[in-house]
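Please look over the model below before reading on. The text after it is meant to be read alongside the coordinates.

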Amino acid sequence: MSEKINLTCIGCPLGCSIEVIKNGDTIESITGYTCKRGHDYAQTEVLAPVRTVTSTVRVKGGVTPVVAVKTKEPIPKAKIADCMQAIYDITVNAPVAIGDVLCDNIADTGVELVASANDVTA
Ligand code: SF4
């Protein structure tokens, strides 16, 4: 049986309204997008949704007790809880620089966790 899914594209501020008709694991149609990015977003969102995770990691010996981090690429939505737990378990030593890889395979996703801020030694 076909199912209609309405999405708002997050690819740019235009926020196109996209309609996807899906039957099981098969997409029957995608309409409402303005560019290929929107088409690809809708396809991924319906079949295998992903998100970039942002959080903080504890820092020892830094000016601040935590540093901002993010996954270098989006990870499967189903892995977000595992990713947050893995992030919670990480402590790094200062100094930390933007782009430093703090974990090379966060929650077995194959994606790196990187610093998105600096923390210098206190
Ligand atoms: S479909 Fe394209 S133009 Fe529309 S919101 Fe998404 S990225 Fe922007």
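Predicted model: local features only at pLDDT ≥ 70, side-chain atom pairs only at ≥ 80, totals over all residues.

Residues are numbered from 1 along each chain as its sequence is written.

The chain holds two helices and ten strands. Both kinds of element are DSSP runs numbered from the N terminus, helices being H or I with at least four residues and strands E with at least two. Read from the N terminus, the order of elements is β-β-β-α-β-β-β-β-α-β-β-β.

The C-alpha trace spans about 60 × 30 × 15 Å along its principal axes. The radius of gyration of the chain is 18 Å, whereas a compact globule of 122 residues would have one near 14 Å. That radius is taken over C-alpha atoms, and the globule rule is 2.2 Å times the number of residues to the power 0.38. Of the 122 residues, 22% count as buried. A residue is buried if 20 or more other C-beta atoms lie within 10 Å of its own, exposed if 12 or fewer, and partly exposed in between, with C-beta atoms placed from the backbone.

The domain assignment divides the chain into domain 1 (2-48) and domain 2 (54-115); such bounds come from an automatic or database domain assignment. The C-alpha centres of the two domains lie 30 Å apart.

Contacts are the next topic. Two residues are in contact if their C-beta atoms, placed from the backbone, lie within 7 Å. Among the contacts in the chain with a separation of 6 or more, 48% are between residues 24 or more positions apart.

Helix α1 covers residues 36-47. Its twelve residues reach 16 Å from the first C-alpha to the last, close to the 16 Å expected at 1.5 Å a residue; the expected span is 1.5 Å times one less than the number of residues. Which residues of α1 are buried? They are G38, Y41 and A42. These three lie on the same side of α1 because they cover an arc of only 95 degrees around the axis, the arc being that of the directions from the helix axis to the C-beta atoms. On the other side of α1, K36, T44 and L47 are exposed. The cover over the buried residues of α1 includes β1 (2-8), β2 (17-23) and β3 (26-31).

In soluble globular proteins, nonpolar side chains tend to be buried together. A nonpolar core is here a set of buried Ala, Val, Leu, Ile, Met, Phe, Trp, Tyr and Cys residues joined through C-beta atoms within 7 Å. The largest one has 16 residues, and those with the most contacts inside it are V57, V67, V69, C83 and I106. Two or more residues are given to this core by each of β5 (54-60), β6 (66-71), α2 (80-88) and β10 (113-115). A second, separate core has seven residues, among them C9, I18, Y41 and A42.

Leaving aside neighbours within four places in sequence, V57 is in contact with V66, V67, V69, I87, I90, V92 and L102. I87 belongs to helix α2 and counts as buried because 22 other C-beta atoms lie within 10 Å.

Several loop residues remain. E73 sits between β6 and β7 (75-76) and counts as exposed because it has 12 C-beta neighbours inside 10 Å. E73 and V111 are 38 residues apart in sequence but 6.4 Å apart in space, C-alpha to C-alpha.

P95 is in the loop between β8 (91-93) and β9 (101-103). The peptide bond from A94 to P95 is cis, with omega near 5 degrees.

The loop between β9 and β10 contains A107 and D108. Phi of A107 is near 55 degrees, a positive value in a residue other than glycine, and phi of D108 is likewise near 55 degrees. Are these residues buried or exposed? A107 counts as buried because it has 21 C-beta neighbours inside 10 Å, whereas D108 is exposed, with 11 other C-beta atoms within 10 Å.
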